[in-house]
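Hi,

Here is the structure I promised to pass on.

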Amino acid sequence: MTREKTFTLVKSYKPFHSKFDPCPPIGRKYFRTPPNLYITFQPPNLEQFTPEEALKSGTLWKFFYDFYDNPYRERET
């Protein structure tokens, strides 16, 4: 039996909460990991943003761009 690993840039953890802790539990905490952590070298001929788009996105290469979505914000359905 093998489990397929799912790749995600958003990670979460639940902080320890003691039964003697006077504060209410925090719940899940979320954090993001940048895409460059998952490659060991920069492949040649990566697709690039235009200079204007690169200034807005913070990176020249589209592969390394990661849109930030606030996990604590209420979703509109």
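Where is the place of Arg-28? Arg-28 lies in the loop between strand S1 (10-13) and S2; helices (H or I, at least four residues) and strands (E, at least two) are DSSP runs, numbered from the N terminus.

Before the rest, some ground rules. This is a predicted model, where local features need pLDDT of at least 70 and side-chain atom pairs count only at pLDDT 80 or more, while totals for chains, interfaces and linings use all residues. Residues are numbered from 1 along each chain as its sequence is written, and side-chain values use heavy atoms, with hydrogens and water left out.

Back to Arg-28. Its relative accessible area is 41%, so it is partly exposed (buried is under 20%, exposed over 50%, partly exposed in between, with a 1.4 Å probe and protein chains only). Leaving out residues up to four places away in sequence, Arg-28 touches Ser-12, Tyr-13, Lys-14 and Tyr-72 (contact means heavy atoms within 4.5 Å). Arg-28 and Tyr-72 sit 44 residues apart in sequence and 9.7 Å apart in space, C-alpha to C-alpha.

Now the charges. The count comes to one salt bridge, meaning a side-chain nitrogen of Lys or Arg within 4 Å of a carboxyl oxygen of Asp or Glu. The partners are Glu-47 and Lys-62, at 3.3 Å, N to O. This pair links distant parts of the chain, 15 residues apart: Glu-47 is in the loop between strand S2 (29-32) and helix H1 (51-57), and Lys-62 is in the segment after H1. Glu-47 counts as exposed because its relative accessibility is 54%, whereas Lys-62, at 35%, is partly exposed.

Cheers
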